[in-house]
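Please look at the sequence and the structure below before reading on.

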Amino acid sequence: MGCILFFTPHSFFPSFFTPDENVISEASRLLPLLALYVVGDGIQISLNAIIKACGKQYVMMPIVVVAYWVVGVPLGYYITFIRHDGYMCEDSSLLSDDLCVHQPSYFCGVTGLVMGLTTGTYVHMLLLAIVVVCSTNWEVESRKAKERLALEKHKVTHQKENQVDMRSI
């Protein structure tokens, strides 16, 4: 999905939803960042599932707090509202001349918010990857999975035996 968003003309999908050129233009600016977001989010979801399957859910909340509330939201806020005073990129006439000369305007407006949250998603992904790589003993996890499968097989076998016994009564 990220490749489709990234490699199609950026005004193609937004034009399905609105004829307004300003909305299409702003959405077109967001699509490259959203394509990167989709890639990072997909990897992050897989790593999240690994951590949950290993029974280490307790590490999830601190990672989410750091990734989004310490990095993503403050970065998006800074880029959008402090660095660019909340102006949309088309509003460059409202910005001072110094601001326009010294700061690139790609991340102004909503794009700055999306950039901050995309960065938060990548921080989330990297922190989860560190937890998976550094704290997972795959031999122990493999043994636990085999034990659970054997227990489940034993349970299913006993249920079938009980069903046969009930029919004979």
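**A polar contact and its surroundings**

The side chains of H124 and Y68 are joined by a polar contact of 3.2 Å.

**The setting of H124**

- H124 belongs to helix α6, which covers residues 110–135.
- Is H124 buried or exposed? H124 has a relative accessibility of 4% and is therefore counted as buried, since buried means under 20% relative accessible area.
- When neighbours within four places in sequence are set aside, the residues in contact with H124 are Q44, M60, I63, V64, A67 and Y68.
- G72 stands 52 residues from H124 along the chain, and the C-alpha atoms of these two residues are 9.4 Å apart.

- Which residues make the nonpolar surface patch? The patch is formed by M61, V65, V66, W69, V70, V73 and L117, and its area is about 670 Å².
- Helix α4, spanning residues 60–83, is the greatest contributor to the nonpolar patch, supplying six residues.
- W69 is located in helix α4.
- The relative accessible area of W69 is 61%, so W69 is classed as exposed, the cut-off for this class being over 50%.

**The protein as a whole**

- The secondary structure consists of seven helices and zero strands.
- Read from the N terminus, the order of the elements is α-α-α-α-α-α-α.
- The protein has 169 residues, and 30% of them are buried.
- Among contacts with a separation of 6 or more, 69% are between residues 24 or more positions apart.
- The accessible surface of the protein is about 11,200 Å², and carbon and sulfur atoms account for 68% of this area.

**Confidence of the prediction**

- The average pLDDT of the protein is 83, and 85% of the residues have a score of at least 70.
- Where is confidence lowest, and where is it highest? The lowest mean, 47, is found in helix α5 (residues 97–102), whereas the highest, 94, is found in α6.
- Throughout residues 97–102 the pLDDT is below 50, and in the model this stretch has four contacts beyond near neighbours in sequence.
- H124, described above, lies in helix α6, the element with the highest confidence.

Technical notes
Residues are numbered from 1 along each chain as its sequence is written. This is a predicted model: local features need pLDDT of at least 70, side-chain atom pairs count only at pLDDT 80 or more; totals for chains, interfaces and linings use all residues. Side-chain values use heavy atoms; hydrogens and water are left out. Patches are made of residues with over 30% relative accessible area and no salt bridge: like charges are joined within 9 Å, nonpolar side chains (Val, Leu, Ile, Met, Phe, Trp, Tyr) within 5 Å. Accessible areas come from the Shrake-Rupley method with a 1.4 Å probe; for residues, only the protein chains shown count as cover. A salt bridge is a side-chain nitrogen of Lys or Arg within 4 Å of a carboxyl oxygen of Asp or Glu. Helices (H or I, at least four residues) and strands (E, at least two) are DSSP runs, numbered from the N terminus. Buried means under 20% relative accessible area, exposed over 50%, partly exposed in between (1.4 Å probe, protein chains only). Contact means heavy atoms within 4.5 Å. A polar contact is a pair of N or O atoms within 3.5 Å; within protein, one must be able to donate a hydrogen and the other to accept it, and residues adjacent in sequence count only if both atoms are side-chain atoms. pLDDT is the predictor's confidence in each residue, from 0 to 100.
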